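Please read the following report with the sequence and the model side by side.

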Amino acid sequence: MKKILFILIAFQLTVVTSTAQIRWNERYQQYINQYKDIAIEEMHRWKIPASITLAQGLFESGAGGSELARRGNNHFGIKCNGWTGRTTYHDDDERNECFRAYDSPYESFEDHSRFLANSQRYQSLFSLKLTDYKGWARGLKAAGYATNPQYASKLIEIIQLYKLYQYDTAKGADKFMVEHSKDHRVNGQDLHPIKIFNKNYYLIARRGDSFRTIAQEVGISYRKLAKYNERDKNDQLAEGEIVWLKKKQKKAPKDYKGRLHYVRSGESMYSIAQSYGIRLKNLYKMNDLKSDYQIRVGDGLRLR
């Protein structure tokens, strides 16, 4: 099983500015899913809107894809300026400028909060309500956080497009996601990014992975992981497989009501169930199929 297709709804939403175009895309949404709980935790600790933290991280790091983020885990473009920790160098306003470097994205989010809270130039922002993301965006630009003249409008567009304002009223963060983000390497290996779908967590297996190796990383019994994924605990996992970290749901999300999945070449009932985070027996039951039924290419399967 070299590749499992994971289907998400792509909304063709577009926000046009005078200088650029910001579109909804899956990579941005995955970044939000991965880091929103850190932003929420930082909001409760430092009184910085989670929407602002996420929007800045998305914009400054290109959803984690920038050179600064990849080389130094710097998600907010913060330069050295009195920094005594690790550094990295990058061309910005000038050539080969000094930027802060961190051991993990979590450290970058923490330092971003301290940077704003401990800098006199941003103090007036902390008198604003946490729900006033527009005031925060304009205040950051006015205080000189970035030289881009469109900086405030870019942040506001991102917040509105991805509905990041919903996190500004969150009562608490998902502790599992926060704890997983604190470490960036286990046994010399980069952590698997954890994603969210169908009220569950999942990651994508790499070459050489097993339930035992993943269990060491995520802190869940390898026997439980195998059970959640309806597999034997000693199975070797194929590169690209989806591994669910909690018990799967009985149905696909509500967005899939009335929709069918049409079987493609190489798919099985198990691979389809894994793709949608559905328990295998429930996929059979929803479609009135016996457990020994052999699906055919083109079969239409109900998902809820």
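Two strands are said to pair if DSSP finds at least two bridges between them, while helices (H or I, at least four residues) and strands (E, at least two) are DSSP runs, numbered from the N terminus. The structure is a predicted model, in which local features need pLDDT of at least 70 and side-chain atom pairs count only at pLDDT 80 or more, whereas totals for chains, interfaces and linings use all residues. Residues are numbered from 1 along each chain as its sequence is written, and side-chain values use heavy atoms, with hydrogens and water left out.

**The chain as a whole**

The protein chain contains eleven helices and eleven strands, and its C-alpha trace spans about 70 × 40 × 35 Å along the principal axes. A residue is called buried under 20% relative accessible area, exposed over 50% and partly exposed in between (1.4 Å probe, protein chains only); of the 304 residues in the protein chain, 48% are buried. With contact meaning heavy atoms within 4.5 Å, residues 24 or more positions apart account for 62% of the contacts in the protein chain that have a separation of 6 or more.

**Strands that pair**

Strand 8 (residues 200-204) and strand 9 run antiparallel and are joined by three bridges, with Ile204 standing opposite Ile242 of strand 9. These strands belong to an open sheet of three strands in the order 7-8-9, with antiparallel pairing. Strand 7 (195-197) and strand 9 (242-244) stand at the edges with a single partner strand each, so one side of each has no neighbour in the sheet. From one strand to the next the twist averages 40 degrees.

Elsewhere, strand 3 (residues 87-90) and strand 4 (residues 97-100) pair in the antiparallel sense over four bridges, and Thr88 stands opposite Phe99 in strand 4. Strand 3 and strand 4 form a hairpin with six residues between them, where Asn96 in the turn has a positive phi of about 50 degrees.

**Two nonpolar cores**

A nonpolar core is a set of buried Ala, Val, Leu, Ile, Met, Phe, Trp, Tyr and Cys residues joined through side-chain atoms within 4.5 Å. Which residues touch the most other members of the largest nonpolar core? Of its 45 residues, they are Leu58, Tyr122, Leu140, Tyr145, Tyr162 and Leu164. Two or more residues of this core come from each of helix 1 (26-46), helix 2 (50-61), helix 4 (105-117), helix 5 (133-142) and helix 6 (151-161), and helix 1 gives the largest share, eight residues. Apart from this core lies another, of 18 residues, which include Tyr256, Ile272, Tyr276 and Leu283.

**Aromatic pairs**

Rings of Phe, Tyr and Trp (its six-membered ring) pair if their centres lie within 6.5 Å, and planes under 30 degrees apart count as stacked, over 60 as edge-to-face and the rest as tilted.

| Ring pair | Distance of centres | Angle of planes |
|---|---|---|
| Tyr28 and Tyr162 | 5.8 Å | 25 degrees |
| Tyr35 and Phe109 | 5.4 Å | 25 degrees |

Tyr28 lies in helix 1 and Tyr162 in the loop between helix 6 and helix 7 (175-182), so this pair ties together parts that are 134 residues apart in sequence. Both Tyr28 and Tyr162 are buried. Tyr35 in helix 1 and Phe109 in helix 4 are 74 residues apart and link distant parts of the chain, and these two residues are buried as well. Ring pairs also link Phe59, Phe115, Tyr122, Tyr145 and Tyr151 into a cluster.

**A covered helix and an exposed loop residue**

Helix 10 (residues 269-276) lies across strand 7 and strand 9 and runs at about 60 degrees to strand 9; here axes are lines fitted to C-alpha atoms, for helices over the stretch in contact, and angles run from 0 to 180 degrees between N-to-C directions. Helix 10 is mostly covered, with eight of its eight residues buried. These buried residues pack against strand 7, strand 9, strand 10 (260-262), helix 11 (280-286) and strand 11 (300-302). After helix 10 comes Gly277, whose phi is positive, near 70 degrees.

Gln120, by contrast, is found in the loop between helix 4 and helix 5 and is exposed, with a relative accessible area of 67%. From C-alpha to C-alpha, Gln120 and Ser271 are 54 Å apart in space, and they are 151 residues apart in sequence.
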